[in-house]
Amino acid sequence: PIPTSAAWKMPESCVAEGTLTLKASNTRTQLKKLLQERGNGSLLRAWRSELDSDFSQCVSLEDLQKCANSLGLPGGEAAAKLFFESASSGGVLTLLDLDKKAAVLATRFKRWATGIQPRQVFFESDDVLMRGKVLSLPDFADICRRNGFEASDVEMADVFGFCDISESMDGIRAHDL
C-alpha cells in the first residue's frame, strides 16, 4: 500500500546533501550561521579568524571542535565531529566542505589577487594614504572593481571580511593582505 501524504516522510538520504546525513547537514547550517554572526556578517572573515588563522585553507578536527566550543555550537564537539567525519575529505575540512559559494568566491578573489600586487594596488592609492593606510569597504570595493574584480555588494563585503582579519574589523591594513 502507498502511504497517505500525512503518514509519508521524506527519507533522510533525500533530505541530506551529498554524503552528509541530515544531522550533519543541520550542524553545517548552524555552524555557518554562528560563523557569520562571529564574522560580523562575513562567513569568510570568521573562517579565517576562527578556523584558518594560518591560512592553510584546511582545518583539523581539533580546530573545528575548538571553534564549535567557542561559538557555542549546539551539540558542541560531538556535533562538530559528526559534521567533520561526514563532510571532510582527506582528514581535513576545507571551506568548500563548509560552503561551496563562499569557497568559489574566495578562490575567484585569490586568483584575481595573484594577478595584481595587492599591497601596491590597495595601499598606494591617494585615497587610502590620506586615511592612514586603513582601507574601508567602499574603497576596497571601488579599487577591486576598477582593477577587474567583479562581485555583488554582498560578495564584496564578504571578501572584504576575508581580508580584514583585525579584531576591530575597522578596515584592511597592508599586513592583513
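Student: Which residues of helix 10 meet which residues of helix 11?

Tutor: Contact means heavy atoms within 4.5 Å, and helices are DSSP runs (H or I, at least four residues) numbered from the N terminus. In this predicted model, Leu137, Phe140, Ala141, Cys144 and Arg145 of helix 10 meet Asp153, Met156, Ala157, Val159, Phe160 and Cys163 of helix 11.

Student: How many of these are nonpolar, polar or charged?

Tutor: Ala, Val, Leu, Ile, Met, Phe, Trp, Tyr, Cys and Pro count as nonpolar, Asp, Glu, Lys and Arg as charged, and the others, Gly among them, as polar. This contact of helix 10 with helix 11 has nine nonpolar, no polar and two charged residues.

Student: At what angle do the axes of helix 10 and helix 11 cross?

Tutor: Axes are lines fitted to C-alpha atoms, for helices over the stretch in contact, with angles from 0 to 180 degrees between N-to-C directions. Here the axes of helix 10 (residues 137-146) and helix 11 (residues 153-163) cross at roughly 105 degrees and come within 10 Å. Angles under 35 degrees count as roughly parallel, over 145 as roughly antiparallel, 65 to 115 as roughly perpendicular and the rest as oblique. Helix 10 and helix 11 are therefore roughly perpendicular.

Student: How should I read the numbering and cut-offs?

Tutor: Residues are numbered from 1 along each chain as its sequence is written. Local features need pLDDT of at least 70, side-chain atom pairs count only at pLDDT 80 or more, totals for chains, interfaces and linings use all residues, and side-chain values use heavy atoms, leaving out hydrogens and water.

Terms used. Helix = DSSP H or I, 4+ residues; strand = E, 2+ residues; numbered from the N terminus.
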